[in-house]
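Hi,

Here's the structure I said I'd pass along.

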Amino acid sequence: MATGATNSLSFYEGKRNNQAEWPLVADIPVVGRLFVPITQAVGHIVSTVILIMIVLLSFVQGKLLIPEKHRIIDGVYTDISTVIERHFPAFYYLFPQPPDRRVPAPSTGITEEQNRILAHSHVRKFHRDLINPKKLVRRNSFQVPNSHRLEEHHNDVEVVDDDFVRISETSMPPSFLKRIASNVSEDQAGIGNVKTKSINYDGRLAKMNVKYYVEYEGFTCETYHVTTADGFVLQLDRICPGPNMDKMSGPPVILMHGLFQSAGVWVSSGHHSFGFYLARNNYDVWLANNRTCSAESKEKHISLSWNDPEFWNWCLDDLAKYDIPAIVDAVRGHTGWHKVGFVGHSQGNSQMFLALSMDTSLNEKLSVFIALAPAVYMGSLLNAFPVNLLIGLEEKWFRRIFGINQFLPIMNPVQSLLPPNLVQILGYHMFHFLFDWSDTNWETKNKIHYFRFTPRPQSSKGMHHWCQMAQHKVIQPFRPHGMNIKPKTDFDVSCIRCPIALYYGTKDAIVDARKLHWQCWEGSKDKNGHGDGIVDLVAVEEVEGFEHMDCLWGVNAEEKVWRRVLRVFEGVGWD
């Protein structure tokens, strides 16, 4: 139902009540309510101090504390952690040692036999190819010498690996102290190419504004607002042709960001951004934001204020139940297309998977579902310090430390008030430490722009929901404290009836994409083992050396992932 301006749609159904799941201040006895502000303030102080310590520790550099001559060990210029280990072992071993902090290599919850089968199941099939019994299978799960193309032949498939761009390798330090001190720059260490640190290297300013980045590349940006059934106002930014550009006549594609991010992550790599890549290929690109994530949108809810506990009483379930349907229907309504394409990254996929499990009729509105680094099963990183401590917190302690409103609200003023270059440094090292990101495959000049849209506000309830799911390593509905609800151990992929494609990296320890790959592969076969099952798995790519963000930000993401996404788009039905 349209309300007001033509760029606004509302699906509001009235106030909901889910306080039983996540008790708010109003549910606490009057006497206890007097202490809530104090405990919340103390909790925020504690969590902020912990966050600041993590960031500060990640910047410990031997150049500042130890003479240069002591930084050369066995002829190699090294970081402070190695120096301390050699010269101050008593202090060094105060920190947790392997295996306590070692970030596990990416692993999977499937068997060796299932892994062997998946090595030959990287399907790239179009609907028009299904009549051909010998389907082309494309692999890039290992590196291939530049001098030749590797081909494997089997009875039922032809396997072709056509990757020619090598990914640089990095080894992560094993211990806690080494981990936080592992940011010695390549120019200091005397290896690799010196990466630029110029803020305006390519002329762009670092802004928290999607429209700026869209218009900088010569396009125009149309802003739309859609109100969800529970009253949240979401911002959608549409990439439209600029002056002297032909009208984009292609079908609409929705791009949905991941956790702690917003829509700007799709357009902050300059000319080499996925959003612009699709627009240049004639697709009607819609950059979607989850609730509270857009920095530009002033109105967040039709009745609740930012400081109202009810405003933050939501989790992944609500993103799936309210945000996804509202966004899909809004794009369909504005474009007139019956079906839209959906590309999600990380949590952007999680909420679509849950949305499909809640309402399978949503499949009829999707031409294709592209899942980049899909967060359905959790990866081995969750076993490492300090993420494992966060996951293990009981609900009462989680609420005491992080509160019941926004999760780590200190990130808002930091991102808004500090210089962008400093925010980039702080943000990168925080996420690098906590979630094992690295910029190995990124264009360094873009980092300052990435962290204009990372991090973005999230609710404490939403983060606690992720902790619940991480304990069982699979996405599932929120489980209220004290309610005897049996947790799930697997995700039922039979709810996926639209064409789906999976893209993930071999060095992504945040998600276990291989387990999802296996389930979709099994679901794509009928009882006789033929490719006519429930799940329409049209493509899978496992990219050697790619980490969690590289499908979006990798310097070679276009040839590794994006071109293949386009081939999938060309092969599915949009009517």
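D230 and R291 are both buried, and the two form a salt bridge, with 2.9 Å between the closest N and O atoms. Keep in mind that this is a predicted model. The pair ties together distant parts of the chain, 61 residues apart: D230 sits in the loop between strand 7 and strand 8, and R291 in the loop between strand 10 and helix 11.

R238 and D284 are another buried pair. E222 joins R238 and D284 in a salt-bridge network.

For D329 and K365, the salt bridge is 2.9 Å from N to O. D329 is in helix 11, while K365 is in the loop between helix 12 and strand 12. With a relative accessible area of 21%, D329 is partly exposed, and K365 is partly exposed at 21% too. The salt bridge count for the model comes to 12.

Now the helices. Helix 11 (316-335) packs on helix 12 (347-358) at about 85 degrees, axes 8 Å apart, so the two are roughly perpendicular. The contact residues split into 9 nonpolar, 3 polar and 2 charged. Among them are L319, I324 and V328 from helix 11, and M352, L354 and M358 from helix 12.

Cheers

Technical notes. Residues numbered from 1 in each chain as written. Predicted model: local features only at pLDDT ≥ 70, side-chain atom pairs only at ≥ 80, totals over all residues. Heavy atoms only, no water. Axes fitted to C-alpha atoms, helices over the stretch in contact; angles between N-to-C directions. Helix = DSSP H or I, 4+ residues; strand = E, 2+ residues; numbered from the N terminus. Parallel < 35°, antiparallel > 145°, perpendicular 65-115°, else oblique. Contact = heavy atoms within 4.5 Å. Nonpolar A, V, L, I, M, F, W, Y, C, P; charged D, E, K, R; others polar. Salt bridge = Lys/Arg side-chain N within 4 Å of Asp/Glu carboxyl O. Buried < 20%, exposed > 50% of the residue type's maximum accessible area, 1.4 Å probe, protein only.
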